[in-house]
Amino acid sequence: MNIVQITAETLPRYREALAALMIDAVKNNMTSAFQHSQKMQQYQDAERYFHSLRNQMAHHELLLWIAIIDSVVVGSIQLNICQRPNGQNRAEVLQLLVHSSAQREGIGRRLIQTLEHKAESYQRGLLYLDVIAGSVAENFYRSHGYHYLGELPDYALCADGHPHPGAIYYKRLRARPAENVVTSY
């Protein structure tokens, strides 16, 4: 298995494979990215979604990796690097997807490890994410050191067309060194 970071320039080469991965995830209730609709419409929506990431990727605000086995994209993950002045220590984990035919092979583990390593290189000490409350994704993140923060009711409109609560998780990476901290009493 190879983990490859995709850039804004290389994204068009993988957009179809990423769209197919997203559709598999929706079909198997692994993401709430799209509501059930005609298959062709879902595929076009998924392609548009990935195409829409190019600008953020070009500005290094969003990073995307794919897992490839035998020239087939079997997984992906995204990291949204917070650009706000007060958010220079955090980043959001987005869209960890592993094809249903390739689960339980360590692909998700390798993707999350790659993302965490890169987040540290961007001096991000806090990662956060949301998943559908009660989903199998909660067990995955817990097993990788993420802490449950709480739930938001009616957070995500899922593929079934109904709102579901979202579970919020976070993980502290190595601490960012304090710079020019002045305390007064």
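Modeller: In helix 1, the buried residues are Leu11, Tyr14, Leu18, Ala19, Leu21, Met22, Ile23, Asp24, Ala25 and Val26; buried means under 20% relative accessible area, exposed over 50%, and partly exposed in between, with a 1.4 Å probe and protein chains only. Helices (H or I, at least four residues) and strands (E, at least two) are DSSP runs, numbered from the N terminus. This is a predicted model, in which local features need pLDDT of at least 70 and side-chain atom pairs count only at pLDDT 80 or more, while totals for chains, interfaces and linings use all residues. Residues are numbered from 1 along each chain as its sequence is written, and side-chain values use heavy atoms, with hydrogens and water left out.

Helix 1 covers residues 11–27, 17 residues in total, and spans 23 Å from its first C-alpha to its last, close to the expected 24 Å (1.5 Å times one less than the number of residues). A kink of about 30° is centred on Ala17, the bend being the angle between axes fitted to the seven residues ending at a residue and the seven starting there.

Leu21 of this helix also belongs to a nonpolar core (buried Ala, Val, Leu, Ile, Met, Phe, Trp, Tyr and Cys residues joined through side-chain atoms within 4.5 Å). The largest such core has 26 residues, and those with the most contacts inside it are Ile77, Leu79, Val93, Leu115, Leu127, Tyr141 and Tyr146. At least two residues of this core come from each of strands 2, 3, 4, 5 and 7 and helix 4, with helix 4 giving the largest share, five residues. Leu21 lies in the second, separate core of 20 residues, which also includes Ala8, Val73 and Leu97.

Within the largest core, Tyr146 touches Val93, Ile112, Glu116, Leu127, Leu129, Tyr141, Tyr169, Tyr170 and Lys171, not counting residues up to four places away in sequence; contact means heavy atoms within 4.5 Å.

As for the whole, the protein has five helices and seven strands, and 38% of its 185 residues count as buried. Residues 24 or more positions apart account for 62% of the contacts with a separation of 6 or more.

Mean pLDDT, the predictor's confidence in each residue from 0 to 100, is 88, and 87% of residues reach 70 or more. Over residues 180–185 pLDDT stays under 50, and the model has zero contacts there beyond four places in sequence.
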